[in-house]
Amino acid sequence: MLSRLLAMWMVFLPVEIAHGQSEVRSQDYLRDLIVLSKVLGQAHAIETRCRGDNSQAWREHMQGLLDLEAPYQTGLRRSMVNNFNIGYQISQAAHPVCGTAAATDLDALSETGRALANSLTRATLDEARLP
């Protein structure tokens, strides 16, 4: 479910960034990107715990987000990758086995991811409306 939501969210992320143009982003926008990266890492850990190491959907979504928002080796990209990895480690430690708690956490992560993606989308659309 979260993967479908993320795929929909990524459609709304800024097209200009996908083309490698430099954009000035607010601190709130950057913070949301970093937190979303951590959420994706947490979801990836639960997914691999429950479906096996070959499940790479969340990692692929993270790669897509990096390609859109931080295509070059920058501090932002490093922060996003570091937070994805931190999120992964947190969920791996919290869920040594796949069970009800993992499913509950994945649902909560879905809600958090949706809220973050909506915030990023609103900020992008607001920017697009500026003259």
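Visitor: Which residues touch the most other members of the largest nonpolar core?

Guide: This is a predicted model. The core has 19 residues, and those touching the most other members are L33, L36, L40, M62, L65, M80 and L120. At least two core residues come from each of α3 (27-51), α4 (57-69), α5 (75-94) and α6 (100-129).

Visitor: What does L36 touch, not counting residues up to four places away in sequence?

Guide: L36 touches L65, G113, L116 and L120. Contact requires heavy atoms within 4.5 Å.

Visitor: What makes C50 and C98 a disulfide?

Guide: The cut-off for the two sulfur atoms is 2.5 Å. Those of C50 and C98 are 2.0 Å apart, so the pair qualifies as a disulfide. A search of the whole structure finds one disulfide.

Visitor: Why is the disulfide of C50 and C98 called right-handed?

Guide: The torsion about its S-S bond is about 100°, and therefore the disulfide is right-handed.

Visitor: Which parts does the pair tie together?

Guide: C50 belongs to helix α3, while C98 sits in the loop between α5 and α6, so the linked parts are 48 residues apart in sequence.

Visitor: Why is C50 called partly exposed?

Guide: Buried means under 20% relative accessible area and exposed means over 50%. C50 has 34%, which lies in between, so C50 is partly exposed.

Note on methods:
Residues are numbered from 1 along each chain as its sequence is written. This is a predicted model: local features need pLDDT of at least 70, side-chain atom pairs count only at pLDDT 80 or more; totals for chains, interfaces and linings use all residues. Side-chain values use heavy atoms; hydrogens and water are left out. A nonpolar core is a set of buried Ala, Val, Leu, Ile, Met, Phe, Trp, Tyr and Cys residues joined through side-chain atoms within 4.5 Å. Buried means under 20% relative accessible area, exposed over 50%, partly exposed in between (1.4 Å probe, protein chains only). Helices (H or I, at least four residues) and strands (E, at least two) are DSSP runs, numbered from the N terminus.
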